[in-house]
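Subject: Handover of a structure and the findings on it

Dear colleague,

Please find the structure below, followed by an account of what was found in it.

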Amino acid sequence: MVTGIDCSKDYFDITVLKDGKAVFKGRFSNNAVGFRDMLPHVLQTHVVMEATGPYYFQLARFVHDSGIKVSVVNPLTVRRFAQMRMSRAKTDKKDAMVIAEFAQMTSPRLWEPPTEAIQHIRNVETYLEGLKQRRQMLSNQLHAFEAAGTIEELLYREIKEELQSHDTRIRDKERQIEQLIKENYAEMATHIRSIPGIGPRSVSMLIIATGGFGMFENYKQVISYFGLAPRIYESGTSVRGKGHICKMGMGQVRKVLYMAATSAIRCNKACKNLYERLRSKGKPYRVALIAAVNKLIKQVFAIAKSGKPYIPQFG
């Protein structure tokens, strides 16, 4: 028996399948009361849900802590499965059914909640990104005032002071993250940092996003998780579209990795050779850069799993 769950902010829908047939469908509030009401219906089943922003996490932890098998899967994987099944309807109840069918066919790997250390670091990282966004909005506002030439001196000083306050808090949070990484993943961070092109920010983001790489069995899963897997449109020999990367992933991690790859194509021999080979074949800059990003991820994954520092001749 499997249970597919489609989560949203206020409620979640479930479909329980037994031998391919729906034996229960229901909707519950996405809170502690709804969790308890759902529990009798999912006992002895394998529960599967998508990683939908922050809305799935408390439910997944509740199911896990209740001793029930639970898997959390990439929404992109379920979407591809639905397309394969020619499923076009988009409703919460239909989504729960598709997730249940996906679970029954694929038996996805079981989910483990992140450690307290990773959750702590992720919370600080999320707050840091919010600080940076608010700082950027304030900076843009000041620039607009200055361009218009209408800002009063008092308001100008107030905004500048607020920007300085944001800068101080951003630096404090970045130092806090670095310290938390050192306390919990010092050896792994040191080894990953030995890869040419990988800086302290890249190390932190990769460890945070992957839970210390414990969530993955191979580097291709990491690439897909970050939304960096190539997507090619072809139909026979007559229709050929441009290749794109899948955008479903974590945008902030991608930005950091793009910056790392820009450095790596200059100082990381394996990434440099790959980049130059693709460019010599006429591939666009972005395509070659993304290939370098994926090469970096492959290197990072190998180093993180081996517990050994980077060795250039095996890059």
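A salt bridge joins the side chains of K272 and E276, with 3.4 Å from N to O; the term denotes a side-chain nitrogen of Lys or Arg within 4 Å of a carboxyl oxygen of Asp or Glu. Because K272 and E276 are four residues apart in helix α10 (residues 269-280), about one helical turn separates them. K272 counts as partly exposed at 30% relative accessibility, and E276 counts as partly exposed at 39%. Here buried means under 20% relative accessible area, exposed over 50%, and partly exposed in between, with a 1.4 Å probe and protein chains only. Elsewhere, salt bridges with shared partners connect E125, E129 and R201 into one network.

As to the source, this is a predicted model, in which local features need pLDDT of at least 70 and side-chain atom pairs count only at pLDDT 80 or more, while totals for chains, interfaces and linings use all residues. Residues are numbered from 1 along each chain as its sequence is written, and side-chain values use heavy atoms, with hydrogens and water left out.

Further salt bridges

By the rule stated above, the count is eight salt bridges. In one of them, the side chains of R135 and D167 meet at 2.8 Å, N to O. This pair links distant parts of the chain, since R135 belongs to helix α5 (residues 116-148) and D167 to helix α6 (residues 153-193), 32 residues apart. Helices (H or I, at least four residues) and strands (E, at least two) are DSSP runs, numbered from the N terminus. R135 counts as partly exposed, at 23% relative accessibility, and D167 is likewise partly exposed, at 23%.

Helix α6 also holds Q164, which is partly exposed at 49% relative accessibility. Another salt bridge is formed by the side chains of E153 and R157, at 3.6 Å from N to O. E153 and R157 are about one helical turn apart because they are four residues apart in helix α6. R157 counts as partly exposed at 41% relative accessibility.

The sheet

Five strands make up an open sheet of mixed pairing, in the order β3-β2-β1-β4-β5; two strands pair if DSSP finds at least two bridges between them. β3 (21-29) and β5 (70-73) are at the edges with a single partner strand each, so one side of each has no neighbour in the sheet. From one strand to the next the twist averages 20°. Strand β4 (residues 46-50) and β5 run parallel and are joined by four bridges. The bridge partner of E50 in β5 is V73.

Helix packing

The axes of α6 and helix α7 (residues 200-210) come within 10 Å and cross at roughly 100°. Axes are lines fitted to C-alpha atoms, for helices over the stretch in contact, and angles run from 0 to 180 degrees between N-to-C directions. The two helices, α6 and α7, are therefore roughly perpendicular to each other, a class that covers 65 to 115 degrees, whereas angles under 35 count as roughly parallel, over 145 as roughly antiparallel and the rest as oblique.
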